[in-house]
Amino acid sequence: MVLEIMSQRIRVIAGNWKMNTVLDEAVELVNGLRYELDEIDTVEKIICPPFISLAKIKELLQGTSIRLGAQDLFYEDKGAYTGEISGSMLSDLCQYVIVGHSERRAYFNEVDEIVNRKMKAALRHGLKPIMCVGENLKQNESGTSESVISEQLRVGLSGLTSSNLMVAYEPVWAIGTGKAATGTYAQKMMAFIRRQIAEIFTETAANELPILYGGSVNPENILEMLAEPDIDGALVGGASLKPGLFLSIVRQAAKSSC
Ligand SMILES: O=C(CO)COP(=O)(O)O
């Protein structure tokens with residue numbers, strides 16, 4: 001029964017380029033990836049470049065199976081919010097948007113209430129949000145990981161009219177450190193996340209919703225992650241900037257598809 005439900009979820013590998021690549025470099029990176037990535041059809045492949053490259057990359061990806069995502073959005077639709085980018089601006093450029101990444105929570109004071117407003121804005125504009133949750137090192141060491149994540153989910157997902165989204169579990173201590181969580185630990189946390197989602201939405205929604213692991217994912221550890229029943233894919237940072245590494249991760253994910 002569990003296996004049957006699992007097989008209904010798709011494999012997803014998303015690349016979060018963060019604040020890397022000027023336009024020319026972004027074009028070069030996409031050109032180095034798109035033909036080979038396009039051929040892999042059992043994985044949902046998403047790249048999330050900086051805002052300024054989205055329009056150009058949209059053109060380069062036209063007619064391919066590679067999806068485009070933004071790294072953030074603002075919760076208002078338009079107006080006097082200097083520097084911000086709204087869901088309405090993104091909706092004809094990309095299909096996905098990362099919301100509540102731990103770097104935004106840490107450096108830009110994005111509290112759960114803001115994450116929630118951004119989730120609503122994304123859904124309002126037909127974008128599929130990838131909502132990030134995860135504990136930091138201190139919370140991990142003090143044994144409060146589950147309560148931290150539970151609160152992030154409860155507030156972040158409150159009042160949503162749709163569960164057409166993904167969740168990324170990214171333990172902050174594993175991001176950019178080269179120290180990925182073990183598959184066993186990530187599975188434990190992600191099974192917990194799925195149970196929380198069942199309570200917030202429904203059992204069916206929880207079974208259908210892809211949950212991705214993020215934090216030092218590379219070609220060496222991707223299979224360990226994907227062998228776990230509640231890990232449907234990965235949100236990849238550093239390794240998504242290297243075409244060879246990203247392709248290797250996606251290829252392995254394709255082989256591990258049910
Ligand atoms: O933050 C991440 C993806 O959103 C993970 O980054 P790294 O893969 O570089 O650890």
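Trainee: Which residues in H2 meet H4?
Mentor: Leu23, Ala26, Val27 and Val30 are the ones in H2, and they meet Lys56, Ile57 and Leu60 in H4. Contact here means that the C-beta atoms of two residues, placed from the backbone, lie within 7 Å. Helices (H or I, at least four residues) and strands (E, at least two) are DSSP runs, numbered from the N terminus.

Trainee: And how do those residues divide by class?
Mentor: There are 6 nonpolar, no polar and 1 charged in the contact of H2 with H4. Ala, Val, Leu, Ile, Met, Phe, Trp, Tyr, Cys and Pro count as nonpolar, Asp, Glu, Lys and Arg as charged, and the others, Gly among them, as polar.

Trainee: Before we go on, what should I know about the model and its numbering?
Mentor: It is a predicted model, where local features need pLDDT of at least 70 and side-chain atom pairs count only at pLDDT 80 or more, while totals for chains, interfaces and linings use all residues. Residues are numbered from 1 along each chain as its sequence is written.

Trainee: Back to the helices: at roughly what angle do H2 and H4 cross?
Mentor: Roughly 20 degrees, with the axes of H2 (residues 23-31) and H4 (residues 54-61) coming within 10 Å. Axes are lines fitted to C-alpha atoms, for helices over the stretch in contact, and angles run from 0 to 180 degrees between N-to-C directions. H2 and H4 are therefore roughly parallel to each other, a label for angles under 35 degrees.

Trainee: What about H9 and H10, at roughly what angle do they cross?
Mentor: H9 (residues 145-156) and H10 (residues 183-200) cross at roughly 35 degrees, and their axes come within 10 Å. On the H9 side the contact includes Ile149 and Leu153, and on the H10 side Phe192 and Ile193 are among the residues. By class, that contact of H9 with H10 has 7 nonpolar, 3 polar and 2 charged residues.

Trainee: Now the strands. How many are in the barrel?
Mentor: The closed barrel has 8 strands, running E1-E2-E3-E4-E5-E6-E7-E8 with parallel pairing. Two strands pair if DSSP finds at least two bridges between them. Neighbouring strands of this sheet are turned by 25 degrees against each other on average, direction ignored.

Trainee: Let me zoom in on E6. Which way do its residues point?
Mentor: In E6 (residues 166-169), Met166 and Ala168 point one way and Val167 and Tyr169 the other way, and all are buried. A residue is buried if 20 or more other C-beta atoms lie within 10 Å of its own, with C-beta atoms placed from the backbone.

Trainee: How many bridges join E5 to E6?
Mentor: E5 (residues 128-133) is joined to E6 by 4 bridges, and the two run parallel. Ile130 has Met166 as its bridge partner in E6.

Trainee: And what stands opposite Ala168 in E7?
Mentor: That is Leu212, while Tyr169 stands opposite Tyr213. E6 and E7 (residues 211-214) run parallel and are joined by 3 bridges.

Trainee: Which residue in E8 is the partner of Leu212, then?
Mentor: Gly233 is the bridge partner of Leu212 in E8. E7 and E8 (residues 233-236) run parallel too, with 3 bridges joining them.

Note on methods. A residue is buried if 20 or more other C-beta atoms lie within 10 Å of its own, exposed if 12 or fewer, and partly exposed in between; C-beta atoms are placed from the backbone. Angles under 35 degrees count as roughly parallel, over 145 as roughly antiparallel, 65 to 115 as roughly perpendicular and the rest as oblique.
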